[in-house]
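Below are some brief notes for a colleague going over this model.

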Amino acid sequence: MIQTEDTIVALATPSGAGAIGVIRLSGPDAIIIANSVFKGKDLTKQPTHTLHYGSIMDGELILDEVVVSLFIGPKSYTRENVVEISCHGSNYIIESIIKLLIKRGGRAAKAGEFTLRAFLNGQLDLSQAEAVADLIASNSKASQQVALQQLRGGFSNQLSQLREQLVQFASLIELELDFAEEDVEFANRDQLKQLIHTITRIISSLIQSFELGNAIKNGVNTVIAGRPNAGKSTLLNALLNEERAIVSHIPGTTRDTIEEVLNIQGINFRLIDTAGIREATDTIEQIGVQRTMEKISQSALLLYVFDAAEITIEELNADLQRLQTPGITMLVIANKADLLNEAQLLALPHTEKAIIISAKEKQHIDKLKMMIYHAAVKDQLSGNETLVTNIRHLEALQKTEEALMRVLNGIDDTTSDFLSMDIKQALHYLGEITGAVTTDDLLENIFNKFCIGK
């Protein structure tokens, strides 16, 4: 059972020595417990959203000089009384203060328990609570913006509107069941069809947004592949603007994968430099080629690099046919343009997904970066749209869509009780996203992934 009546205590800042540490209390006795160890003003008589300087005392022993922040419920993150004690960042001091607060009646908080209380007390819905964790974990401008948009309720508001419209029709169909013997219709079937079509279009768009949302949240797996000496490692170094990979004219230099992160306009691309694709000359190189093919199959974006001065058209087409994989976007990169004459340049592929560069001379590298960015984003990122980034939300939306399709398929020849059942299922799955429908197991699974103190 989830406990909410007691007062919880945890370190809200990262563990380890630092300039300051912030210890957070939340619960009905937060101010009383803090006041019992605080030497300064009487915290129980102070207004909300105020700061107070004083000392934390363990009997007659001064543990530290601190600043205490007061947030009186419901005007706090958890809607409970919240106290934050800013002390010096010594591990000994922090542990001593936390032990003292627990001794005075507090309880050590579990992972995510402060945000769980914010959800249970109506401060946040469940998707907003999950956005808190995403915001903390964000490592790029795009992932921060998506998490912030969800935290502000953009996703929740959209789902609430859909759910409200469905609830109205569900109520009318329930009313029909009450008058089943009189064979009357309160829910206009044509209007219901129109509503289901509208909602499924929106839900389908949200489902499709997961590919981009997940890429923004976790980074885009981007594999650099090609034949030996095509300039893959040189390209990696040029994209990163540093000498990350060993470059050599000897074929087979790269025998294992090298992974680095490149940020392009706020989105992280996980660049993976791989072993050259050819018939391996030894066991180690053979393993490297196998790993290359595995990485390609796991990627979202493939950068195929070829030596434009050496490869034949037949070899190029064979490579493209071999590497083209459904669901994986491939950009074709003709390298070593600095070694080509005009006739050779004209003979190279000229398409939207092909580019001619010189990795060694860093020619057209900025243009390639923009191609990489647009291949991942596909003009879907404007800053205002809702993107699904959470696999739990994706699965709930897919189940909602399935339930609504059952409503649509049976709307003309299905009795009201079956229509009502399918609409209720759609409402249930939408409610799981925002927390209108929850179980203790679901909440525990979500909030266990949070850091302690948040």
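**Notes on the model**

1. Helix α11 (residues 313-323) supplies the largest share of the lining of the largest cavity, namely three residues. The model is a predicted one.

2. Across the whole structure, the search finds one cavity of 30 Å³ or more. The space in the largest cavity comes to about 30 Å³. Its lining consists of Gly-226, Arg-227, Ile-277, Tyr-304, Asp-319, Arg-322 and Leu-323. By type, these lining residues are three nonpolar, one polar and three charged.

3. Leu-51 belongs to strand β4 (residues 50-58). Leu-51 counts as exposed because its relative accessible area is 62%, and the cut-off for exposed is over 50%.

4. Most residues other than glycine have a negative phi, and most peptide bonds are trans. The peptide bond between Gly-73 and Pro-74 is cis, with omega about 5°. Pro-74 sits in the loop between β5 (61-71) and β6 (82-89).

5. Lys-336, which is not a glycine, has a positive phi of about 70°. Lys-336 is placed in the loop between β12 (329-335) and α12 (342-346). With a relative accessibility of 22%, Lys-336 is partly exposed.

6. Lys-362 is a residue other than glycine with a positive phi, near 60°. The loop between β13 (354-356) and α13 (365-377) contains Lys-362. Its relative accessibility of 43% makes Lys-362 partly exposed.

Methods: Residues are numbered from 1 along each chain as its sequence is written. This is a predicted model: local features need pLDDT of at least 70, side-chain atom pairs count only at pLDDT 80 or more; totals for chains, interfaces and linings use all residues. Side-chain values use heavy atoms; hydrogens and water are left out. On a 1 Å grid over the protein atoms alone, a cavity is a set of points where a 1.4 Å probe fits but cannot get out, and a pocket is an open set with protein on both sides within 12 Å along at least five of seven lines; lining residues have an atom within 4 Å of a point. Grid points are joined across faces, edges and corners, and a volume is the space filled by probe spheres set on the points. Helices (H or I, at least four residues) and strands (E, at least two) are DSSP runs, numbered from the N terminus. Ala, Val, Leu, Ile, Met, Phe, Trp, Tyr, Cys and Pro count as nonpolar, Asp, Glu, Lys and Arg as charged, and the others, Gly among them, as polar. Buried means under 20% relative accessible area, exposed over 50%, partly exposed in between (1.4 Å probe, protein chains only).
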